[in-house]
Amino acid sequence: MLYRDFGRMDGPVVLFGGAYSNYQATEALFEAAGDLQAVSTGDLVAYCANPVETVARFAEHEPCVGIAGNCERQVVDGAEDCGCGFEDGTACDFLSRGWYGYLRETLTDDAVRTLAALPEIGSFIHKEKRYAVIHGGATAINRFVWPSSSEAVFEREIAATEAILGPIDGLVAGHCGIAFQRMIGRHHWINPGAIGLPPHDGRPETRYGVLDGGEVTFHRLRYDHAAARTRMEEVGLTQGYQIALETSLWPSEDVLPPELRRCYDYQSSASGW
């Protein structure tokens, strides 16, 4: 497993994941971040229409570091599917055949080299606390860890992470596409959500987080989602994710735990919103 120490980060740190080939959202995120350090939890490429431009925008934003998600690893390895970890026969299983094929055909050699250089796990120091950066989980890159997952699930992933990195104070994770935070004993688990696809809550804004002074705040990212949808339709990416950019409702809702389906109420949840 390729590991990288991202060093010490002073000041607020922008946390994000799941750019999903959504160039318009990626551009909006970096405009919002400005000169702040930014950390990506992976899956720069996936559902949307501009993987090459999204990877290039990430690479040119110097205050930004990140790790690979399962989508990066799969395309780099020449795999036949995205390796997202969903069950056979689900909507995700069926719909991914369209966007993943487009992704493999569209990525340039330069983009693939950029993705291949990303580590699978990282760490950084912020305000004297040490944070790990993982994609899904340390036990599997495509592990789904939801806001409603049991404490035992979090404890298992924290223990696996510390077995690799040694003691940590918190984890910044991605993959599930929903922003939340949990305190598991003394460990702070932070998922800043995805910027490339809204979190199934009925609003088109996506999510990112800002870590400052040991606390994380979640923010809505407004971007030109109509342009992102139009571009998807132009290239034939019409599996339903192009509609989700505006409605926020995932065509692959069956990948979600039952309690998170149909406009989950984040405001009243225990997810930290």
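User: In which sense do strands β5 and β6 pair?

Analyst: The model under discussion is a predicted one. Strand β5 covers residues 121–126, and strand β6 covers residues 129–133. Five bridges join the two strands, and their pairing is antiparallel.

User: Is strand β6 mostly covered or mostly uncovered?

Analyst: A residue counts as buried when its relative accessible area is under 20%. Four of the five residues of β6 are buried. Strand β6 is therefore described as mostly covered.

User: Which residue of β7 stands opposite V133?

Analyst: β6 is also joined to strand β7, residues 170–172, by three bridges, and these two strands run parallel. Together with helix α6, residues 151–165, they make a right-handed β-α-β unit. Opposite V133, the residue in β7 is V172.

User: R130 is found in strand β6. How far away is the nearest side chain of opposite charge?

Analyst: R130 is buried yet has no salt bridge. A salt bridge requires a side-chain nitrogen of Lys or Arg within 4 Å of a carboxyl oxygen of Asp or Glu. For R130, the nearest side chain of opposite charge is that of D5, at a distance of 6.1 Å.

User: The backbone oxygen of which residue lies 3.0 Å from a polar atom of the R130 side chain?

Analyst: Leaving out residues up to four places away in sequence, R130 touches several residues, including Y3, F124, L165 and I168. P167 is also among the residues touched. The backbone oxygen lying 3.0 Å from a polar atom of the R130 side chain belongs to P167.

User: How many residues of strand β9 are buried?

Analyst: Strand β9 spans residues 187–191 and is largely enclosed by the rest of the structure. H187, W189 and N191 point one way from the strand, while H188 and I190 point the other way, and all are buried. The count of buried residues in β9 is thus five of the five.

User: With which residue does R73 form a salt bridge?

Analyst: Helix α3, residues 70–77, has six of its eight residues buried, and R73 is one of them. At 13% relative accessibility, R73 counts as buried. With the closest N and O atoms 3.0 Å apart, its salt-bridge partner is E120.

User: How many residues apart in sequence are the parts tied together by R73 and E120?

Analyst: R73 lies in helix α3, whereas E120 lies in the loop between α5 and β5. E120 is partly exposed, with a relative accessible area of 25%. The pair therefore ties together parts whose separation in sequence is 47 residues.

User: What is the N to O distance in the salt bridge of R220 and D201?

Analyst: R220 counts as partly exposed at 26% relative accessibility, and D201 is buried at 9%. The side chains of R220 and D201 meet in a salt bridge, with an N to O distance of 3.9 Å.

User: In which helix does R229, the salt-bridge partner of E246, lie?

Analyst: The closest N and O atoms of E246 and R229 are 3.0 Å apart. E246 lies in helix α8, residues 241–247, and the pair ties together parts that are 17 residues apart in sequence. R229 lies in residues 225–234, which form helix α7.

User: How many salt bridges does the structure hold?

Analyst: Among the salt bridges are that of R73 with E120 and that of E246 with R229. For the structure, the number of salt bridges is 15.

Conventions:
Residues are numbered from 1 along each chain as its sequence is written. This is a predicted model: local features need pLDDT of at least 70, side-chain atom pairs count only at pLDDT 80 or more; totals for chains, interfaces and linings use all residues. Side-chain values use heavy atoms; hydrogens and water are left out. Buried means under 20% relative accessible area, exposed over 50%, partly exposed in between (1.4 Å probe, protein chains only). Two strands pair if DSSP finds at least two bridges between them. A crossover is right-handed if, with the strands pointing away from the viewer, the path from the first strand over the helix to the second runs clockwise. Lys and Arg count as positive and Asp and Glu as negative; His and the chain ends are not counted. A polar contact is a pair of N or O atoms within 3.5 Å; within protein, one must be able to donate a hydrogen and the other to accept it, and residues adjacent in sequence count only if both atoms are side-chain atoms. Contact means heavy atoms within 4.5 Å.
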